[in-house]
Amino acid sequence: MSTNNFANIRIVLVGTTHPGNIGGAARAMKNMGLSRLYLVAPKEYPSDKAVWRSAGATDVLDSAVVVETLDEAIGGCSLVVGTSARERRIPWPLLDPRECGESVWVEAGHHEVAIVFGREDRGLTNEELHKCNYHVHIPANEEYSSLNLATAVQVICYEVRMAFLKAIEGKTLPGHTWDMPPADSSAVENYYEHLEQTLAELGFLDPENPKQTMTRLRRMYNRVRMDQMELNILRGVLTAMQNYVYYTNKVVGKLGISSGIDALREAAKAEDKPSNS
């Protein structure tokens, strides 16, 4: 088993308030063999406090990628796991840290993977968690469950390393093979935008009051983990639906008749009638 998997794993910290936690996370990563750190809109960075807390893991800090949005941080990743400290009203596919480590390690052998950590005081927002294929929850003591950000990073990175050690000893099952690579996060986000737009055009979704429709659809598709070909097919279906709505509405405007397939038939009949001239 190659160690190149490590190069495909990103640790993403979102909206970090205290720079010392960034340094602590960098130290935790280097302890476990990871090096790719992404920072989404950190409050204070670069910082001497981060360097001091890194305890020598300055190479991780020096190569850190700083971006403004989570979409930028997870762009190109085909597996995104978000850390969640609490139950959600609409539950998401959930992993424990050990399952997370094993899944991340296996999939990192084939494509880019991101593990996303939220803000110190409130974690990840629901919108950010909706961009994740899975959530991971660290089952800490219920009477004192608050974990420091760097500590949470240490726990998850440790499980990734344990998965690596098991793999080189041949103690894990081989990764699931598929005929097409999984769709990456950017392509999936584009699909969700296309889907929401199409549902609105069909009158199925009210943009002013969407309720939880898109959240539940996101959960369903994230659970399925679409590959590139499947995503292209679904985008084609949405485009065909949009074309149908567009052309039937044109017929309605021209002939003043009800929309739908009957409108198309009437339009075809009108075009087939011989001209009197």
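**Entry 1**

The model is predicted: local features need pLDDT of at least 70, side-chain atom pairs count only at pLDDT 80 or more, and totals for chains, interfaces and linings use all residues. Residues are numbered from 1 along each chain as its sequence is written, and side-chain values use heavy atoms, with hydrogens and water left out.

I noted where the two helices sit: H5 spans 97–107 and H7 spans 149–168. Helices (H or I, at least four residues) and strands (E, at least two) are DSSP runs, numbered from the N terminus.

I then looked up the axes of H5 and H7, which come within 8 Å and cross at roughly 55 degrees. That makes H5 oblique to H7. Oblique is what remains after under 35 degrees (roughly parallel), over 145 (roughly antiparallel) and 65 to 115 (roughly perpendicular). Axes are lines fitted to C-alpha atoms, for helices over the stretch in contact, and angles run from 0 to 180 degrees between N-to-C directions.

I listed part of the contact (heavy atoms within 4.5 Å). H5 brings residues including Pro97, Cys100 and Trp105. H7 brings residues including Val155, Ile156 and Phe164. By class, this contact has 10 nonpolar, 1 polar and 4 charged residues. Ala, Val, Leu, Ile, Met, Phe, Trp, Tyr, Cys and Pro count as nonpolar, Asp, Glu, Lys and Arg as charged, and the others, Gly among them, as polar.

**Entry 1: the second largest cavity**

Which residues line the second largest cavity? I found Arg98, Glu102, Glu159, Met162, Ala163 and Lys166. A cavity is a set of points on a 1 Å grid over the protein atoms alone where a 1.4 Å probe fits but cannot get out; lining residues have an atom within 4 Å of a point. H7 gives the largest share of this lining, 4 residues. The lining has 2 nonpolar, no polar and 4 charged residues. I noted a volume of about 30 Å³. Volume is the space filled by probe spheres set on the points, with grid points joined across faces, edges and corners.

**Entry 2: the largest cavity**

I counted 2 cavities of 30 Å³ or more in the structure. The largest holds about 160 Å³ of space. Its lining has 20 residues, and Asn133, Ala183, Ser185, Val188 and Asn222 lie nearest its centre. H8 supplies the largest share, 4 residues. I wrote down the classes too: 10 nonpolar, 5 polar and 5 charged.

Note on methods:
1 Å grid on protein atoms, 1.4 Å probe; cavity = no way out; pocket = protein on both sides within 12 Å on 5 of 7 lines; lining within 4 Å.
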